[in-house]
Amino acid sequence: MTDVTLQPTGQEAVQEAELGDYFALFKPRVMSLVVFTALVGLLVAPVPVHPFIGFVAILCIAVGAGASGALNMWWDADIDAKMKRTARRPIPAGRVQPGEALGLGLTLSVFATVLLWLATDALAAGLLAFTIFFYVVIYSVWLKRLTPQNIVIGGAAGAFPPMIGWAVATGGVSVESVLMFALIFMWTPPHFWALALFVKSDYGDAGVPMLTETHGARVTRNHVLAYTILLVPVAIGLGFTSIGGPVYLATAVVLNLWFLKGAWDIWKRTDELAIADNFKVEKQVFKVSLYYLFGHFVALLIDAVLRVGGV
Amino acid sequence: MAIHVEHELHGRRRGRNRGLGLLLAGFVAIVFGLTVVKVIALGDAGKFESFDHVARPQLEPQPEAGQ
């Protein structure tokens, strides 16, 4: 950029980005979920981590997640520009150039992976690199525009952070970390499809096949119930591993009954009923799904604290 | 009419430059902190000398007397 942008040209002037525009590329909301679940994965592991190493590890995971968000925005700039929800993102709004997002994403991906490797171990760094690759290449580039099951497979990218946190502490992968992964992986589809049922999206105009648009609301309702049923044994099973405890088990039972009841209610409803009450149940279940994931991970944390305290 | 030397664009650039400066300072602090933690984790800071790629005869095991 040069001062040439000071001279009005008659055309729409290209804006120069603020620092916040670059930060927006990192999808801060997604980052916060990643940081929280990775932190829990790290803290519930049976091996203590030096606080500073733990801080650097979480920072690397957050930067890696942000970098993959920037690469996703670079790749999806064309469809972001066509959808109301995303049209004001930095690239389609013209505040950040696509090349800048690409450069920033690639640089920070390498930076976060290498620093995590130096600070902790090769497995954690490898998992972070694979997560970035999965989100950008497998989900964004390959599946997102190809299949209505995109969110199912793509959800794996959001499920890796607790596994990375666990690998930071233990240097390995175990049944506990795999089940934490599975919990988020199985939770993502019903959570997202509950939202898709009541949000009027313009994915169709942008050429992105979402289940609600390709197969309709009835099939989506079936999918919400099916995935919630599959989610229950995963969530309860985690309670019987070494990181589970009474608090987790009690929480899991309550939250799974609550979520299952919601999914059942969604399945029972017809579109006419949903439209009539402005998707009241779907909105409620979406909220429950947020409490669901947060509650499970907080419960894991409480049990870990109780174990440390010898309770 | 007063001449404004500073354009709004310069303010934005200053914000970006300050942000970048803080990030770089944070990076230096992280690398320094990691170095301190890793060296302390060795237990004996003297062991750190073996990593500096310089021959240090004092680190070599001493031959026993009479050999």
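## Chain A overall

Of the 311 residues in chain A, 45% are buried. The model is predicted. Chain A holds 15 helices and zero strands. Its radius of gyration is 21 Å, close to the 19 Å that the globule rule gives for 311 residues, so chain A is as compact as a globular protein of that length.

The C-alpha trace of chain A spans about 70 × 55 × 25 Å along its principal axes.

## Helices H6 and H7

Two packed helices are described by the angle between their axes and the distance between the axes. In chain A, helix H6 covers residues 122-143 and helix H7 covers residues 150-159. Their axes come within 8 Å and cross at roughly 160°. An angle over 145 degrees counts as roughly antiparallel, so H6(A) is roughly antiparallel to H7(A). The crossing of H6(A) and H7(A) is left-handed.

Which residues meet where H6(A) and H7(A) touch? H6(A) supplies A:Thr131, A:Phe134, A:Tyr135, A:Ile138, A:Tyr139 and A:Leu143. H7(A) supplies A:Asn150, A:Ile153, A:Gly154, A:Ala156 and A:Ala157. By class, this contact has eight nonpolar residues, three polar residues and no charged ones.

## The contact between chains A and B

How many residues of each chain take part in the contact between chain A and chain B? There are 10 residues of chain A in contact with 10 residues of chain B. On the side of chain A that touches chain B, helix H3 (residues 51-75) gives the most, with three residues. The residues on that side of chain A divide into six nonpolar, two polar and two charged.

## A:Ala119

A:Ala119 is found in helix H5 (residues 98-119) of chain A. Is A:Ala119 buried or exposed? A residue is buried if 20 or more other C-beta atoms lie within 10 Å of its own. A:Ala119 has 25 C-beta neighbours inside 10 Å, so A:Ala119 counts as buried.

A:Leu231 lies 112 residues from A:Ala119 in sequence. In space, the two are 34 Å apart, C-alpha to C-alpha.

Notes:
Residues numbered from 1 in each chain as written. Chains lettered and ligands numbered in written order. Predicted model: local features only at pLDDT ≥ 70, side-chain atom pairs only at ≥ 80, totals over all residues. Contact = placed C-beta atoms within 7 Å. Helix = DSSP H or I, 4+ residues; strand = E, 2+ residues; numbered from the N terminus. Nonpolar A, V, L, I, M, F, W, Y, C, P; charged D, E, K, R; others polar. Rg over C-alpha atoms; globule rule 2.2 N^0.38 Å. Buried ≥ 20, exposed ≤ 12 C-beta atoms within 10 Å, placed from the backbone. Axes fitted to C-alpha atoms, helices over the stretch in contact; angles between N-to-C directions. Parallel < 35°, antiparallel > 145°, perpendicular 65-115°, else oblique. Left-handed = near helix turned anticlockwise from the far one by under 90°.
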